[in-house]
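Here's a quick briefing on the model below. Have a look at it first, then go through the notes by topic.

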Amino acid sequence: MTRGPTWFNITSLVLGFSFLYLPIVLLVIYSFNESRLVTVWGGFSTKWYASLLQNEQLLDAAWVTLRVAFASATIATVLGTLAALILVRSGRFMGRSLFSGMIFAPLVMPEVILGLSLLLLFVAMGTARGFWTVMLAHTTFAMCYVAVVVQSRLVGFDKSIEEAAEDLGCPPVKTFFLITLPIILPGVIAGWMLAFTLSLDDLVIASFTTGPGATTLPMKIYSQVRLGVTPEINAVCTILVGLVTICVIAASLVTKRQQVQRERDERAAFGADG
Amino acid sequence: MSEQIATPAKRTIGGKLLIAMPYLWLLVFFLAPFLIVFKISLSQIAVSIPPYTPAIDLAEGWQGLVEAFREFSFENYIWLTEDALYWKSYVSSVVIAAISTLFTLLIGYPIAYGMARSPQAWRPTLLMLVILPFWTSFLIRVYAWIGILKNEGLLNQFLMMLGLIDEPLVILNTNIAVYIGIVYSYLPFLVLPLYASLERLDGSLLEAAEDLGCPPWKAFWKITVPLSLPGVIAGCFLVFIPAVGEFVIPDLLGGSNTLMIGKTLWVEFFNNRDWPVSSAVAVILLMILVIPIVLFQNQQQKMSEKEG
């Protein structure tokens with residue numbers, strides 16, 4: 001589609017994006033509200049942020065959440081990258097369709113089912129529930145997202161560079177770390193970040209699989225929200241939204257710059273060749 | 001292609017182990033749990049920890065297994081058909097998800113269309129703006145609507161200030177709030193595939209139609225809509241399937257008479273502590289969703305074949 005936008009197109013874009021962003025903007029604005037009544041403006045104040053620092057339960061939950069997210073995103077990235085390599089590179093092997101089914105099914109599976117089934121597994125295994133079980137549960141569904149993200153990167157991959165390295169006697173493991181990984185790295189990083197934020201956000205699966213002493217931040221927010229809207233929660237949410245926004249924008253800038261650099265390198269390499 | 005067939009022959013033990021790792025992980029943490037859910041859905045509730053009598057006890061060996069098969073009970077499933085709460089929850093989940101999907105499409109189509117018609121230079125930014133809310137917490141985005149939709153909330157304040165209404169509208173804790181929540185949360189899932197198929201659309205077809213004297217609205221119906229249909233279908237599935245099992249939105253925005261199966265399962269599990277019945281609820285939900293999931297995967301496959 002090449003024709004220019006009409007007034008109708010511009011109006012629908014403006015209305016559409018207002019619908020997407022207005023609730024978040026209002027949430028952020030009212031986190032700076034002086035009044036305890038969330039919907040009545042009582043003047044600018046940052047006191048809710050100060051009171052957050054006093055709330056030890058909330059800080060504990062935030063710390064648990066960050067640890068779970070970091071650990072599960074890291075393991076999920078390793079497993080998910082391997083899974084993507086298998087999907088794209090391995091050709092046929094036994095149980096391939098089962099494998100790809102298991103990668104794609106968790107993407108649309110309702111969270112209540114995933115949470116319930118994992119909890120029942122942990123109970124059947126007799127594992128004590130807590131930090132580790134939440135971490136394992138998050139790793140499992142996050143690795144599927146990582147696999148999909150890395151897979152899309154691998155599909156447009158020029159295999160001849162890899163083959164050249166192997167023809168020159170480079171061992172497969174070294175080829176992977178020197179050639180393959182740097183090229184798919186933007187996908188791997190995006191996968192890690194997606195896994196991290198998914199884990200940071202998750203309420204349902206964590207509620208099923210957690211145990212005493214491992215309350216995550218979304219669980220804490222959820223139990224407070226059920227009691228009513230408070231400016232303190234607005235403040236927590238604002239911090240989370242800010243963090244995620246900065247990370248996503250930074251990552252997209254980094255990958256863009258890398259891509260430009262890589263394309264320039266490749267052009268230079270091929271130019272020198274000819 | 002010959003490359004792909006040639007590789008497995010070269011596979012070393014190390015390579016096999018690498019394949020085995022994610023495979024085993026998914027077998028243990030994704031497939032096995034489903035079998036356990038199925039098994040427990042056939043057990044009886046018991047006042048113990050865990051709160052069910054196991055339907056299969058492997059410690060008793062083969063004999064125990066045979067014995068167990070005789071004792072399998074479909075009582076939980078029969079219970080689901082007898083208590084109106086469950087089938088009403090299933091039906092109302094599907095209806096709520098379908099209505100919300102329709103609204104998401106009505107709102108998402110003009111956005112995706114506007115993005116596809118915008119100048120090339122704007123598109124990466126617009127795409128980023130659609131993706132960004134997807135990265136911010138689901139819970140936070142649902143929570144934001146509570147403050148807006150409450151009786152004394154921002155929407156009612158705004159409408160009363162304009163003088164459009166005298167009494168606050170009751171929206172929070174009704175099904176309308178659930179529709180708003182689902183449309184808002186899942187909008188990016190619909191816009192992205194739809195934008196992808198609209199962007200690929202060949203503009204010369206529309207120009208040809210115009211040159212031949214076809215009015216724009218007719219060209220839209222005859223050319224744009226049919227060609228964007230794969231994107232519409234993919235987007236609708238991506239909204240509908242997870243929306244059926246949604247828990248957070250009906251719980252926070254819906255009222256006590258909003259029935260959705262995700263919420264029913266949650267209450268059955270956490271409040272009533274009836275693990276066998278909640279497992280049976282999950283098994284049936286899975287069986288309902290298998291049809292759209294398979295349809296969705298077939299459609300995806302067809303689309304990727306067309307491209308290739």
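Buried residues make up 43% of the 274 residues in chain A, where buried means that 20 or more other C-beta atoms, placed from the backbone, lie within 10 Å of a residue's own, against 12 or fewer for exposed and in between for partly exposed. For chain B, the buried share is 41% of 308 residues. This is a predicted model, so local features need pLDDT of at least 70 and side-chain atom pairs count only at pLDDT 80 or more, while totals for chains, interfaces and linings use all residues. Residues are numbered from 1 along each chain as its sequence is written, and chains are lettered from A and ligands numbered from 1 in the order in which they are written.

**The two chains**
- Chain A has eleven helices and zero strands, with helices (H or I, at least four residues) and strands (E, at least two) taken as DSSP runs numbered from the N terminus.
- The C-alpha trace of chain A spans about 70 × 60 × 35 Å along its principal axes.
- Chain B comes to 14 helices and two strands.
- In chain A, 79% of the contacts with a separation of 6 or more are between residues 24 or more positions apart; a contact needs C-beta atoms, placed from the backbone, within 7 Å.
- The figure for chain B is 71%, counting pairs at least 24 apart among contacts at least 6 apart in sequence.

**Where the chains meet**
- Contacts link 75 residues of chain B with 62 residues of chain A.
- On the chain B side, H2(B) gives the most, with 16 residues.
- That side has 55 nonpolar, 15 polar and five charged residues, where Ala, Val, Leu, Ile, Met, Phe, Trp, Tyr, Cys and Pro count as nonpolar, Asp, Glu, Lys and Arg as charged, and the others, Gly among them, as polar.

**Helix pairs across the interface**
- H4(A) (residues 96–108) and H2(B) (residues 13–41) have axes that come within 10 Å and cross at roughly 55 degrees; axes are lines fitted to C-alpha atoms, for helices over the stretch in contact, with angles from 0 to 180 degrees between N-to-C directions.
- That angle makes H4(A) oblique to H2(B), since under 35 degrees counts as roughly parallel, over 145 as roughly antiparallel, 65 to 115 as roughly perpendicular and the rest as oblique.
- A:Phe99, A:Met102 and A:Pro106 in H4(A) meet B:Tyr23, B:Leu26, B:Phe30 and B:Leu31 in H2(B).
- By class, this contact of H4(A) with H2(B) has seven nonpolar, no polar and no charged residues.
- H1(A) (residues 7–30) packs on H5(B) (residues 84–117) at about 120 degrees, axes 8 Å apart, which makes this pair oblique too.
- Residues of the H1(A)–H5(B) contact include A:Leu13 and A:Gly16 on one helix, and B:Ile107 and B:Arg117 on the other.
- The H1(A)–H5(B) contact splits into seven nonpolar, four polar and one charged.

- Beyond neighbours within four places in sequence, A:Ala195 touches residues including A:Ser72, A:Ala76 and A:Val146.
- Eight of the eleven residues of H13(B) (residues 261–271) are buried, so this helix is largely enclosed by the rest of the structure.
- Among the buried residues of H13(B) are B:Lys263, B:Trp266 and B:Glu268.
- Just after H13(B), B:Arg273 takes a positive phi of about 50 degrees.

Key:
Two residues are in contact if their C-beta atoms, placed from the backbone, lie within 7 Å.
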